[in-house]
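Visitor: Please take me through the pockets of this model, with a close look at what lines them.

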There are 2 protein chains.
Amino acid sequence: VNVRLEVEYDGTAFCGFQVQANVRTVQGELEKAVERLAGEKVRVIGAGRTDAGVHAAGQVVNFHASLRMPPAEVMRALNALLPYDVAVSEATKVPEEFHARFSARSRLYRYWILTGDIRSALLARYTLHKSVPLNLEAMQDASAYLIGRQDFASFAGMGRGVPENADGGTVRTVLQTRLERAQMPTLFGMQAQLIALQVEADAFLPQMVRNIVGTLLDVGTGKLSTEEFRHVVQARDRRAASATAPAQGLCLIKVNY
Amino acid sequence: VNVRLEVEYDGTAFCGFQVQANVRTVQGELEKAVERLAGEKVRVIGAGRTDAGVHAAGQVVNFHASLRMPPAEVMRALNALLPYDVAVSEATKVPEEFHARFSARSRLYRYWILTGDIRSALLARYTLHKSVPLNLEAMQDASAYLIGRQDFASFAGMGRGVPENADGGTVRTVLQTRLERAQMPTLFGMQAQLIALQVEADAFLPQMVRNIVGTLLDVGTGKLSTEEFRHVVQARDRRAASATAPAQGLCLIKVNY
């Protein structure tokens, strides 16, 4: 059967999603758990190849294996086998042709920026702290230039392995961006003052969201104008964009099929 | 001058608050940072000696040093010197006689339990997951027996070092307990279904909150009646109570002076 899983992970202690020799990866942990359950060698396919340190609340994967138990039991068994920083939140049987990566219509990522003077130890694993005041309106104006089908070579990182869509080029379609202030209660009693950036696209280039965030931060601090941001988008040259924002603020929220 | 700091930390990567040889502790990191700033050997005194893995949003410490800069600058400098998982959220000059531990009137701790079938990878560092349904009303009824000045020997762990109050006995005053369901938004898009236990006491014995939580969980699952919980409190014998709940669900929220 073809099994589809929704997977949540804390990326802090992983060298990214994709299997590599001799390091701890999410795909590697998932394959180890599924193989123990199925008693056979299994390839787990993921919708998004998140980098080291990037989290996921709604990663989607699938695998083919000869398992007889119902999906709910697969979920329970995998959660017992997986380490504490990976969890399966949903398991379903899907048609044989379902492919977590190629069937995906879009991916939604969110990046959290903690604002204010004081950094937080308890939010440090999941946010980027920026004490410089940020001009949210300018960042919103600039982010509008991302929308649509364009060549995003300016935001393409030096990723390993195969790209998220099959063609290998740097043209992608950004479907929506959303930038807003959020005041959130935390488990720890304090209210966090945050800025959330959400980007949805058909597929992403390696480090694309983090390169966009890094460049938008330069707009927020006034180092770049919105007009200059537009030129960065149009330059199709990685050297035009700003530094890559750190991994820990980023989370793969949802994959749409 | 005598400087008072409010300190936040993620306890995951610490062997507790209190300095010990050859391991990473919160007190050790604070003393290293303050010593670099002050250029002299400094003892940092903490209000609560949290165990390995226990977090703090509002730990209070103080230290005596000959520093000339204003407290806001002390805070900024310390945040630049401290590792990512410790942060200073407030710094003030206080009278010479202020002592973070002995001047404290009470400490407030919170313990988070994640409920529901499915564990969470992204909340695993800060919650205990319990998939068994819990009878909250029974736990609330039982927790009422904790209120007041009593001998809490049943909940006393094998702590190292000096106790939080000077007398060394096992009598403490629990001022309030609060147990409630909470649905919280998370940074990761999903809503978390949680139970929070808050306990405020003049001072705590080593592992007292975690031993209370462990025993209340047995009330929640029906293994102990509220009446039996009362007997545990009155037994003054550690062997009467249940297993110690794991550290990661616990956070020192506030110290009152």
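Guide: The largest pocket has a volume of about 500 Å³. A pocket here is an open set of points on a 1 Å grid over the protein atoms alone, where a 1.4 Å probe fits, with protein on both sides within 12 Å along at least five of seven lines. Points are joined across faces, edges and corners, and the volume is the space filled by probe spheres set on them. The lining holds 26 residues, and A:Met190, A:Gln191, B:Glu8, B:Ala57 and B:Ser89 are the closest to the centre. Lining residues have an atom within 4 Å of a point.

This is a predicted model: local features need pLDDT of at least 70, side-chain atom pairs need 80 or more, and totals for chains, interfaces and linings use all residues. Residues are numbered from 1 along each chain as written, chains are lettered from A and ligands numbered from 1 in written order, and side-chain values use heavy atoms, without hydrogens and water.

Strands (DSSP runs of E, at least two residues, numbered from the N terminus) come next. In the largest pocket, β5 (106-115) and β9 (191-201) of chain A give two or more lining residues, as do β1 (2-9), β3 (55-64) and β10 (250-256) of chain B. β10(B) gives the largest share, four residues. By class, the lining has eleven nonpolar, nine polar and six charged residues. Nonpolar means Ala, Val, Leu, Ile, Met, Phe, Trp, Tyr, Cys and Pro; charged means Asp, Glu, Lys and Arg; the others, Gly among them, are polar.

The second largest pocket has a volume of about 350 Å³. Its lining has 18 residues, with A:Glu8, A:Ser89, B:Ile118, B:Met190 and B:Gln191 closest to the centre. β9(B) gives the most, three residues.
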